[in-house]
Amino acid sequence: MTGWDGFGEALAEQLTLLGAGSVLIIREGGGTGRYAQFLQSGEGVEAELVGDHGLDPALRAGEAGCRLIVEAGWQPPQDTVYGHNWWTELPWPSASDAYRNLAGMTVTGLRDGLRITGPEALVYEAWDGRRGNRSLVLPLLGLSPKS
């Protein structure tokens with residue numbers, strides 16, 4: 001993988017391959033609490049980007065970061081289904097362009113909004129909720145699984 005652009009391309013491809021019931025969480029290593037997550041259901045993809053609520057003040061997006069996250073296309077936190085997180089949804093099926101757009105939104109949120117230095121700071125966790133929460137190996141991401 002080569003930086004954020006390579007990560008975005010890999011994420012888009014990996015998202016198109018997730019089966020119904022799959023859950024993917026991409027988080028910054030070191031327990032900072034900054035993450036994006038995706039749930040593939042039979043109806044679509046639900047995506048979330050962590051909001052500032054609960055983050056250490058130094059790690060929050062703040063006003064400027066929130067503006068970038070909104071401009072990328074994320075819906076603001078509403079304290080409803082998605083709690084304090086930014087969110088978006090894709091219907092199923094969706095065109096590959098929609099997954100590329102979602103991956104781009106995710107990169108913008110993590111890189112520009114939350115100021116994560118690069119994808120090398122990220123790890124992932126994935127499982128299949130329809131098959132006993134069996135772990136999923138997602139090599140296309142180019143990330144290490146969370147240990």
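Reader: What makes E1 and E2 a pair of strands, and in which sense do they run?

Author: In this predicted model, strands count as paired if DSSP finds at least two bridges between them. E1 and E2 have five bridges and run in the antiparallel sense, so they meet that requirement. Within the pair, Val23 stands opposite Leu39 in E2. The two strands form a hairpin with six residues between them, and Gly30 in the turn has a positive phi of about 90°.

Reader: How do you know that E2 and E3 pair?

Author: The requirement is again at least two bridges. E2 and E3 share five, in the antiparallel sense, and therefore they too count as paired. The bridge partner of Leu39 in E3 is Glu46. A hairpin of three residues joins E2 to E3.

Reader: Why is Gln40 called buried?

Author: A residue is buried when its relative accessible area is under 20%. Gln40 has 2% relative accessibility, so the term applies. Gln40 belongs to strand E2, residues 35-40. Leaving aside neighbours within four places in sequence, its contacts include Leu15, Leu18, Val45, Trp92 and Tyr99.

Reader: What makes the contact between Arg100 and Asp97 a salt bridge?

Author: The definition asks for a side-chain nitrogen of Lys or Arg within 4 Å of a carboxyl oxygen of Asp or Glu. Between Arg100 and Asp97 the N to O distance is 2.0 Å, so the pair qualifies. Both residues lie in helix H3 (residues 96-113), three residues apart, which means that about one helical turn separates them. Arg100 has a relative accessible area of 47% and is therefore partly exposed, as that class lies between 20% and 50%.

Reader: How do you know that Asp128 forms a salt bridge with Arg131, and what of Arg134?

Author: The limit is 4 Å. The closest N and O atoms of Asp128 and Arg131 are 2.8 Å apart, and those of Arg134 and Asp128 are 3.8 Å apart; both distances fall within the limit, so both contacts are salt bridges. Asp128 is buried, with a relative accessible area of 3%. Arg131, at 54%, counts as exposed, because the threshold for that term is over 50%. Arg134, at 45%, counts as partly exposed. Elsewhere, Arg27, Glu125 and Lys146 are linked in a network of salt bridges. The structure holds eight salt bridges.

Reader: What makes a set of residues a nonpolar core, and which residues have the most contacts inside the largest one?

Author: The members must be buried nonpolar residues, such as Ala, Val, Leu, Ile or Phe, joined through side-chain atoms within 4.5 Å. The largest such core has 38 residues, and those with the most contacts inside it are Leu11, Leu24, Ile26 and Phe38. At least two residues of this core come from each of helix H1 (3-17), strand E1 (22-28), E2, strand E3 (44-49), strand E4 (86-91), H3 and strand E5 (122-128). H3 gives the most, with six residues. In soluble globular proteins, nonpolar side chains tend to be buried together.

Reader: Which residues does Ile26 touch?

Author: Not counting residues up to four places away in sequence, Ile26 touches Phe7, Leu11, Arg34, Tyr35, Ala36, Phe38, Leu122, Val123, Tyr124 and Leu143.

Terms used: Residues are numbered from 1 along each chain as its sequence is written. This is a predicted model: local features need pLDDT of at least 70, side-chain atom pairs count only at pLDDT 80 or more; totals for chains, interfaces and linings use all residues. Side-chain values use heavy atoms; hydrogens and water are left out. Helices (H or I, at least four residues) and strands (E, at least two) are DSSP runs, numbered from the N terminus. Buried means under 20% relative accessible area, exposed over 50%, partly exposed in between (1.4 Å probe, protein chains only). Contact means heavy atoms within 4.5 Å.
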